[in-house]
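I opened my notebook for a friendly walk through this one. Here is what I looked up, entry by entry.

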Amino acid sequence: MLLNNLVKLLDNFKTKNMKDVEISGLSYNSLTTQKGDIFICIRGEASDGHKYAQGAVDKGAVALFCEEELPIDVPQIIVDDTKRTMANIASAFYNEPSKNINLFGVTGTNGKTTVTHLVQRILEENDEKCALIGTLGYKLSSKDEYKEAKHTTPQPPELQRDLRLIIDENIKNVVMEVSSHSLEQKRVGCCDFDGAIFTNLTQDHLDYHITMRNYFKAKAILFENLKKGAFAVINADDEYAKDFIDVVPSDVKVLTYGVKNQADVKAEDIDFSVDGAKLTVVFNGKKEKMNLHLNGMFSVYNALAAFAGALSMGIDYKVIIKALENTKSVAGRFEIVNKTPLVIVDYAHTPDGLENVLKAARELTPNTSKLICLFGCGGDRDTTKRPKMGKIADELSDKVVVTSDNPRSEDPQLIISDIMTGIKTVDTQRIFVEADRGVAIKFLKSISNPEDVIVIAGKGHEDYQILKNETIHFDDREEARKIFSEVL
């Protein structure tokens, strides 16, 4: 693509050394820049891409997208904020792929990964190809392996590239997790969404958003910008439901779902067992029974969200129910890795997420047995949720093992201290502390009986742990299977 064709789509910019050159790629990392790239100078928390512009040019970059004039003899496009306008460049470079595909976004604090997987399975049951983009990576079908992702929602160059790749594979549908960061930072700018699903809004990422109102406003961007004829699916039981409904444009169809409040799609007669959840789904004057392999009330909500989304797409309810009933589980989401004792690994890393998982696990815990919870909190993230999670674990579990999650640059012991402030009484017979997560998981065997239920929360699908100076391989599921020696 010629540089002048990229420039045409931008507003409020200046240029330096301008001449038309052929652009063959986009880069914002000087280490991976290739010949013919336009290098995008991003100011981040830890580094400033402008300092690496010369290195990128030395590696073959033929133009710069930057926020200040640089003493480098290549064409430069200068804007106020490259991070927030990078989506324009990326969309233009890949020929606006989202305009040629059915793009569905799923946002919320919890449930995004599961809902996107359920939507993908429903579309495939309807004989339609559907790609998925999210926390676990991206894949072209439910049978494919994930390709690794660095963010829940990729940066614009990767996102627009992936959308173009998906189109080139003759896939007409994409369901994507849309994070609050990506909306706030306009990573999904220039994306035309045909539908959006809201799961829930509870405390998370306040280190970034500061207040829950700001967090809501970030999520609301997805719904405010839905195009004419799109659909919005809203959780009627969430306290922010009305706020989200209020921002949806008048020419967008709204469908609600829930369990407690009046909703367009509602679940009744819910019953849980080790095998999953049985329920009756009520919609359009119909009542249909559904047997899910997924477990917990949060799974019921996730299934309802996907059900309502698929109805909004015009898919027959019989197809929807069949797909939902045939879905076994999503990696690291209430994933059972051992049966005796019952060991569940879950990604829950927020107060609400931990509460939901422990309540679901309690439903599976015999009256004469114990519910044991192992969890930690990530470093360099919202510190206010740590004591709240300690309080939830203390109140909902019979035994608690407090350990590390991804401590990053923080001292694990200080993170644990924050968690412990939420625990009322440190009873040494039921509250245990072990900073080494591997050792903590091994310890679970010594404090559990075969009939007990164990929840290992926080990391879910992750197969790594981020320490101060390194990232190591670590998978809760692998560790638990080794300790309890039973692979399902």
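How many bridges join β3 to β4, and do these strands run parallel or antiparallel? I found 3 bridges between β3 and β4, and the two strands run parallel. A reminder to myself before going on: this is a predicted model.

**Entry: one pair in detail.** I picked Ile-40 and looked across to β4, where Phe-65 stands opposite. I then followed the chain from β3 to β4: it crosses through helix α2, residues 53–58. This β-α-β crossover is right-handed.

Entry: I counted 5 strands in an open sheet, ordered β1-β5-β4-β3-β2, with mixed pairing. At the edges I noted β1 (14–16) and β2 (25–27), each of which pairs on one side only. On average, neighbouring strands here are turned by 20 degrees against each other, direction ignored.

Entry: Gly-25 has Asp-37 as its bridge partner in β3, and for Leu-26 the partner is Ile-38. I also checked what packs on the sheet: helix α3 (residues 82–93) touches β2, β3 and β4 (63–66). The direction of α3 makes about 140 degrees with that of β4.

**Entry: a serine in a loop.** I looked up Ser-141 and found it in the loop between β8 (137–139) and α5 (156–168). Its relative accessibility is 19%, so I count Ser-141 as buried, the cut-off being under 20%. Leaving aside neighbours within four places in sequence, I listed Gln-120, Glu-124 and Cys-130 as the contacts of Ser-141.

Entry: In soluble globular proteins, nonpolar side chains tend to be buried together. I went looking for such groups here. The largest nonpolar core has 43 residues, and Val-265, Val-281, Phe-307 and Leu-324 have the most contacts inside it. Helix α10 (residues 297–312) gives the most to this core, with 10 residues.

How values were computed
Residues numbered from 1 in each chain as written. Predicted model: local features only at pLDDT ≥ 70, side-chain atom pairs only at ≥ 80, totals over all residues. Heavy atoms only, no water. Pairing = 2+ DSSP bridges. Helix = DSSP H or I, 4+ residues; strand = E, 2+ residues; numbered from the N terminus. Axes fitted to C-alpha atoms, helices over the stretch in contact; angles between N-to-C directions. Contact = heavy atoms within 4.5 Å. Right-handed = clockwise from strand over helix to strand, strands pointing away. Buried < 20%, exposed > 50% of the residue type's maximum accessible area, 1.4 Å probe, protein only. Core = buried A, V, L, I, M, F, W, Y, C linked by side-chain atoms within 4.5 Å.
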